[in-house]
Amino acid sequence: MKYVNSGFGKVPLMSLIAILSISLVVNLPGLAISPIMGKLNQVFSHVTELEIQLLTVLPNLVTIPFILCSGKICTQKNQMYILGIGLGLYAITGVLYFFADSMIELILLSCLLGVGCGLVIPLAASLISQNFVGKARTRELGMKSSLSNFTVIFATLFVGWIAEFNWHLAFIVYMIPIIPLCLIPFMTSAYIDRHKIPNPAPPYEPLKEPATTDDDEKKAESTHKPVSVNFHFKGNMGVKLLVGVMALYFIITYATEVVSYYLPFSMEHYKLSTGDVGVATAMFFASATLSGFFLTKVITLLREKTMQIAIIFCGIGLFIVGFVHAYWAYILGVFIMGLGYGVVQPVIYDKTSYVAPTAAKSTAYFSYLLTCNYIGISAVPFIVGAMKRLFDAQSDINFSFVFNGFVVVAVLAVAIIMRRSFVFNVDPDSYEKPAAPAPASPSAPSAVAAKTGSDK
């Protein structure tokens, strides 16, 4: 059996593959079929542009309460059951799409898709946070982000191509959940505990969280797995830091998701084909995938400037797409934008793992974070529509990209001013820590997962 380093010791490679397979499905609802929105506008000529966009909006909107529900009800004992229910519902909805022939049926199935996806989404990151720590966790969260974006690359290219033959076939991408559904036995805590190889001695002294019980501490000692790997934060400081991270995730997600909503209409306006839209959309996720695969190297190179440079890339990409309307410009602008987003996203996941007080609460913390993500995705047409009315730009096909470019410029200004804060500083050596870490042995490595060199 092959193993991988977890920071606590070694876990089966098959378990890592199984956990990462959940990431194949988390970005699919709505985004996967964005290349056929222009075609659906022709098939259902009697419906409005907003009704077509609901196929992208609704899965993400309905997902939000079920993300929170999953975070609330998930425990380490029942999380596999919830994962199985979510994936099963997700796959069944994918089958039902083949029999939908009206817009109302497509919209209802989009809602059902959001229910299944919402139950699954927090567990994709939480299971990594529960089983990995330190540099290993940073690496696997980067892989998680890359795989979720890579799946959308495949899906958008596939959808853009196959929709030329039959638009119904585009929904086959919603059957990918069958893969992680079959791999659930390899990601259970029972399987991982039975096959893992713990370190011969605890790599660092476990932190004693006030919320933990004696049984938790005994289990941590017997498995060489610390109850928590995070710093103690006084009062509600951990929650306040999480709110800051959530706010950043919401704004960056909102700013960049205009690609999925408005790129098809912009490219169609300039006489480009559905296949061209699929390729251009895929470029966003291709570059985000690339960033995720090389995340630790990127952070090592850029260190404390990582977030600021990533945000700059997002802004540059938006302005290129908004002002230059050649096919090569769409490809270049979207690719640059994806490079920035592909760094910001996993770093935000890592920061969430850092502030979660215990492994048991990581699912709840990720559910709060990802709720902001999906609110940001769902809010795009409503915010852009309101801004178009405010600036009297309803007929400007490029308004969404230019306006969001200036939103990113505002975020960049905040990121520069607050460059030493927890939210914007990726270099763990210069975090402004709100509280001192708990006592540890001199050889204890730092719990900050964003560190990309050797652990402290």
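In which loop is Arg303 found? Arg303 turns up in the loop between α13 (295-302) and α14 (306-323), with helices (H or I, at least four residues) and strands (E, at least two) taken as DSSP runs numbered from the N terminus. The model is predicted, so local features need pLDDT of at least 70 and side-chain atom pairs count only at pLDDT 80 or more, while totals for chains, interfaces and linings use all residues. Residues are numbered from 1 along each chain as its sequence is written, and side-chain values use heavy atoms, with hydrogens and water left out.

Asp392, another residue other than glycine, has a positive phi near 55°. Asp392 sits in the loop between α16 (359-390) and α17 (399-417) and is exposed, with a relative accessible area of 63%.

Now for the aromatic rings. Rings of Phe, Tyr and Trp (its six-membered ring) are taken to pair if their centres lie within 6.5 Å; planes under 30 degrees apart count as stacked, over 60 as edge-to-face and the rest as tilted. That rule gives 16 aromatic pairs. One of them joins Phe154 and Phe158, whose ring centres are 5.8 Å apart with the planes at 20°, so the pair is stacked. Both residues belong to helix α6 (residues 134-162), where Phe154 and Phe158 are four residues apart, about one turn of the helix. Phe154 is partly exposed, at a relative accessible area of 42%. Phe171 and Tyr174 make a tilted pair, 6.2 Å centre to centre with 45° between the planes, and both of these residues are buried. Ring pairs also bring in Tyr97, which forms a cluster with Phe171 and Tyr174. Elsewhere, Lys351 lies over the face of Phe422, 4.6 Å from the ring centre; a charge sits over a ring if NZ of Lys or CZ of Arg is within 6 Å of the ring centre and within 35 degrees of the ring normal.

Cavities come next. α5 (103-131), α6, α15 (327-355) and α16 each supply at least two lining residues, with α16 giving the most, three. The lining divides into six nonpolar residues, four polar and one charged (Ala, Val, Leu, Ile, Met, Phe, Trp, Tyr, Cys and Pro are nonpolar; Asp, Glu, Lys and Arg charged; the others, Gly among them, polar).

Finally, three strands form an open antiparallel sheet in the order β1-β2-β3. β1 (3-5) and β3 (197-198) stand at the edges with a single partner strand each, so one side of each is left without a neighbour in the sheet. Strands pair if DSSP finds at least two bridges between them; two bridges join β2 (residues 9-12) to β3, and these strands run antiparallel. Lys10 stands opposite Ile197 in β3.

Methods. Buried < 20%, exposed > 50% of the residue type's maximum accessible area, 1.4 Å probe, protein only.
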